[in-house]
Amino acid sequence: MQPWLVNFISTVQLTRLANAFAGVSNLWFVALCSRSHPQDEHLVYPLWDMSLWLLLVLTAIIASGLSTYAGALNDLFAY
């Protein structure tokens, strides 16, 4: 294996990118399901009025931030 690929893989493992990806995909699932639900009593109106690309970008930022915070808190308590 090439050395730059080994360095890249170890960096991705160190930054816990898989956890951030899981958080983003979970939040996207919830946002898209809430947006497509036909009943009015479960509808969150700001999700419906917001454009789809803005909704996905904001939820990705929120999920990445929460994942980063959770990783930092985990490292703090593990120390």
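1. How many residues does helix α1 have, and how far does it reach from its first C-alpha to its last? Helix α1 (residues 3-14) has 12 residues and reaches 16 Å, close to the 16 Å expected at 1.5 Å a residue. The expected span is 1.5 Å times one less than the number of residues. Helices are DSSP runs (H or I, at least four residues), numbered from the N terminus. After α1 comes Arg16, with a positive phi near 55 degrees.

2. This is a predicted model, in which local features need pLDDT of at least 70, side-chain atom pairs count only at pLDDT 80 or more, and totals for chains, interfaces and linings use all residues. Residues are numbered from 1 along each chain as its sequence is written, and side-chain values use heavy atoms, with hydrogens and water left out.

3. The chain has a mean pLDDT (the predictor's confidence in each residue, from 0 to 100) of 83, and 86% of its residues reach 70 or more. Confidence is lowest in helix α3 (residues 45-49), at a mean of 70, and highest in helix α4 (residues 52-78), at 89. Where pLDDT is low, the predicted coordinates should not be read in detail.

4. Helix α4 has 27 residues and reaches 38 Å from its first C-alpha to its last, close to the 39 Å expected. Buried residues (under 20% relative accessible area, 1.4 Å probe, protein chains only) in α4 are Leu55, Thr59, Ala60, Ala63, Ser67 and Gly71.

5. Among the residues that line the largest pocket are Arg16, Ser67 and Gly71. Helix α4 gives the largest share of this lining, 6 residues.

Note on methods. Helix = DSSP H or I, 4+ residues; strand = E, 2+ residues; numbered from the N terminus. Buried < 20%, exposed > 50% of the residue type's maximum accessible area, 1.4 Å probe, protein only. 1 Å grid on protein atoms, 1.4 Å probe; cavity = no way out; pocket = protein on both sides within 12 Å on 5 of 7 lines; lining within 4 Å.
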